[in-house]
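Here is a short report on one structure. Please look at the sequence and the model below before reading on.

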Amino acid sequence: FRLQPSFTTFVSHSKKQVEIMGKDKVEIFDTTLRDGEQVPGCKLDTEQKLIIAERLDELGVDVIEAGFPISSPGDFKSVNEIAKLIKNATVCGLTRAVKKDIEVAAEAIKDAKRPRIHTGIGTSESHIKYKFNSTQDKIIERAVDAVAYAKTFVEDVEFYAEDAGRTDNEFLARICEAVVKAGATVLNIPDTTGYCLPEEYGAKMKYLKENVKGIDRAILSCHCHNDLGLATANSIAGVVNGARQIECTINGIGERAGNTSLEEVVMIMRQHPHLNLDTNINSKLLWDTSTMVSQKMGMPVQPNKAIVGSNAFAHSSGIHQDGVIKRRETYEIIDPKDVGVSESSIVLTARSGRAALAYRAKNVGYELTKLQLDTVYQNFLKYADVKKEILDEDIHEIVETSNIGMKS
Ligand code: KIV
Ligand code: ZN
């Protein structure tokens, strides 16, 4: 299992690049406080946002998208205070391709150590024709103007092509080329509606990498939504095909079915070293960060959620429990300690076997012989058939009522 990464930096093409233990670095752009906070009923106040932002910085994210400053005075204030507070990560504010939005965002992030403006416009036929009643050429003009204007305030300007997932690749390459020429440092390719298949999204990144002139001056970014449950798979397909930033949220929260889940993409890259990709994330903080965001947002994490769900390291069937007790790796691909969980749990239910009962009984102080275990197990099954889960206090009662002469 993996140690936390150490870093080496090298300079090439006059641009700073970072490698992590010989692997290509994938930047983690966290949008929990912007796209994540768009979840109905999940309003956070400035103080809560500051606490989350500080934790994200500690976690090692590269960019914190702190909000959409023109959207409300409260959001402006939150972005502004986060910009003042954060020591390491880039702090980013979202805008539309509208002058006033850009001015307000620039003002909100002006005190950040590393400020970024994230501006953009819809690029699919449905956006151009029906939302803007416009043409492709006019949309390119607006995009270029927005990026050029944002560049008058900050060096680091990210451009998003909203609904890129359903945008024709040739037009997408044209608009990307134009905004890179205007100074965009990051090209965000959002699958806004969560429509793409992984091979399609990966091919889109590859096409842009191969067809956008000047692409070496910018990095490609994955921003995937989860409407078909494919946000994580699509983001991984994106980085495998040349993107070097993933936009994601803690617990995958976000509009509708949510965004790419930060903990999932980070652990996929860690568990598959052959991808030769890694991030700056201190994975040991993932569990606590997930709990903190869930509590502050009042949004529970589904128990079977990968990496951070309460069942992610829990084993309840007899066959699996026996395997895990003998050798953890039999049924676990991640060491729970790597994501901040002290140990896997053996849950006692009516599907559990003797090995699990002996293991849990030992943990609470009963070393049972084989004969004693047989007797206690029969008693255990009676309890387990009427209770969903047998807890430590039940184990005491079960052992002591089994007539084997044992008391704790
Ligand atoms: O999903 C999306 O297209 C977005 C953009 C505003 C970046 O969130
Ligand atoms: Zn989004």
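## N169 and its contacts

N169 touches K204 and Y207, leaving aside residues up to four places away in sequence. Two residues are in contact if their C-beta atoms, placed from the backbone, lie within 7 Å. The C-alpha atoms of N169 and A203 are separated by 9.5 Å, and the two residues are 34 apart along the chain.

N169 lies in helix α6 (residues 169-181). Helices (H or I, at least four residues) and strands (E, at least two) are DSSP runs, numbered from the N terminus. N169 has 15 other C-beta atoms within 10 Å, so it is partly exposed. A residue is buried if 20 or more other C-beta atoms lie within 10 Å of its own, exposed if 12 or fewer, and partly exposed in between, with C-beta atoms placed from the backbone.

## About the model

This is a predicted model, in which local features need pLDDT of at least 70, side-chain atom pairs count only at pLDDT 80 or more, and totals for chains, interfaces and linings use all residues. Residues are numbered from 1 along each chain as its sequence is written, while chains are lettered from A and ligands numbered from 1 in the order in which they are written.

## Helices α5 and α6

Helix α5 (residues 136-151) crosses α6 at roughly 30°, and their axes come within 9 Å. That makes α5 roughly parallel to α6, a label for angles under 35 degrees; over 145 is roughly antiparallel, 65 to 115 roughly perpendicular, and the rest oblique. Axes are lines fitted to C-alpha atoms, for helices over the stretch in contact, and angles run from 0 to 180 degrees between N-to-C directions.

The crossing of α5 and α6 is right-handed. A crossing is right-handed if the near helix is turned clockwise from the far one by less than a right angle, and left-handed if anticlockwise. From α5, the contact uses Q136, I139, I140, A143, V144 and V147; from α6, it uses F171, R174, I175, A178 and V179. By class, the contact has nine nonpolar residues, one polar and one charged. Ala, Val, Leu, Ile, Met, Phe, Trp, Tyr, Cys and Pro count as nonpolar, Asp, Glu, Lys and Arg as charged, and the others, Gly among them, as polar.

## Helices α7 and α8

Helix α7 (residues 198-211) packs with helix α8 (residues 231-240) at an angle of about 30°, their axes 8 Å apart. This crossing of α7 and α8 is right-handed. P198, E199, Y201, G202 and M205 in α7 meet A233, N234, A237, G238 and V240 in α8. The contact of α7 with α8 has six nonpolar, three polar and one charged residues.

## Helix α9

How many of the ten residues of α9 are buried? Eight are, in a helix that spans residues 262-271. They are L262, E263, E264, V265, V266, M267, M269 and R270. These buried residues pack against β4 (27-30), α8, β11 (245-248), β12 (277-278) and α10 (286-297).

## Around ligand 1

D35, Y160, E162, N188, P190, T192, H223 and H225 surround ligand 1. Each of these has its C-beta atom, placed from the backbone, within 6 Å of the ligand. Strands β8 (156-162) and β9 (186-191) are the elements that give two or more residues to this shell. The shell has two nonpolar, four polar and two charged residues.

## Two positive phi values

Most residues other than glycine have a negative phi. I307 has a positive phi of about 70°. I307 lies in the loop between α10 and β13 (314-315). I307 counts as buried because it has 24 C-beta neighbours inside 10 Å.

N403 also has a positive phi, near 60°. N403 lies in the segment after α14 (392-400). With 9 C-beta neighbours inside 10 Å, N403 counts as exposed.
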